[in-house]
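Here is a friendly note to read alongside the model. Please keep the structure open and follow the points in order.

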Amino acid sequence: MKTAGYTRLSQKSDTSISRQKEHIREYCDDHDLTLERIYDDGEESSGFDATREEYRELRNRVREGEVDAVVVNDKRRLARDVDEVMRLIPDLRTEDVELHTYQDGPLDLSDPMQASIEILMAAAAYEEKIEEIEKSINAIEEKKERGDDLGRPRFGMTYDEEKRQQVPGERWE
């Protein structure tokens, strides 16, 4: 069975790209899937980003019938954008391509009800992520209005107790 993996990392996570690849290889070995390639859009690649070249190449291989199975670390590695999920799942179903996740195992997309549930779950995750992004934007705006420092502290600096301003950190000899 011709199998492709896919990885991306949109933000700091406990599942690094190398760990995702390790999970995909382990899953394929454990389930007798022949892993041909892992498509990797790398770090800082959003699931909302339409310019993910590796993802687009994988999608083209799915549409051309060149892949029998796709393995990802978790469902949201492929796409967070619900519209993209609504295009992807029918493509996987039409081409009879299996979808497997390291976390959940094989997803039965041949069952229309299960495929619909996956789309609904993606929609719920999408709304949750949009809310999270909006909260982050609002928090940054509030910090700007107060005049707080933003981002990681510069080298040798740390944040004060209120986490608002950068102050000198431990002294280096």
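1. A word on exposure comes first: a residue is called buried under 20% relative accessible area, exposed over 50%, and partly exposed in between (1.4 Å probe, protein chains only). By that scale Pro153 is partly exposed, as its relative accessible area is 33%. Pro153 sits in the loop between α4 and β6; helices (H or I, at least four residues) and strands (E, at least two) are DSSP runs, numbered from the N terminus.

2. Before going on, note that this is a predicted model, where local features need pLDDT of at least 70, side-chain atom pairs count only at pLDDT 80 or more, and totals for chains, interfaces and linings use all residues. Residues are numbered from 1 along each chain as its sequence is written, and side-chain values use heavy atoms, with hydrogens and water left out.

3. What does Pro153 touch, leaving aside its neighbours within four places in sequence? The contacts (heavy atoms within 4.5 Å) are with Thr158, Tyr159 and Gln166. Arg93, by comparison, is 60 residues from Pro153 in sequence and 48 Å from it in space, C-alpha to C-alpha.

4. Now look at the open sheet: its 5 strands follow the order β2-β1-β3-β4-β5, with mixed pairing. Two strands pair if DSSP finds at least two bridges between them. β2 (34-43) and β5 (105-107) stand at the edges with a single partner strand each, so one side of each has no neighbour in the sheet. From one strand to the next, the twist averages 25°; axes are lines fitted to C-alpha atoms (for helices, over the stretch in contact), and angles run from 0 to 180 degrees between N-to-C directions.

5. Within the sheet, β1 (residues 2-9) and β3 (residues 69-72) run parallel and are joined by 4 bridges. Ala4 is found opposite Val70 in β3. Helix α2 (residues 53-63) packs on the sheet and touches β1, β2 and β3, its direction making about 150° with that of β2.

6. Two loop residues deserve a look for their backbone angles. Asp32, in the loop between α1 (17-30) and β2, has a phi near 50°, a positive value in a residue other than glycine. Lys163, in the loop between β6 (157-159) and β7 (166-168), has a positive phi too, near 60°. Asp32 is exposed at 70% relative accessibility, and Lys163 is exposed at 56%.

7. Finally, visit helix α4 (residues 112-146), where Met113 is found. Met113 is exposed, with a relative accessible area of 56%.
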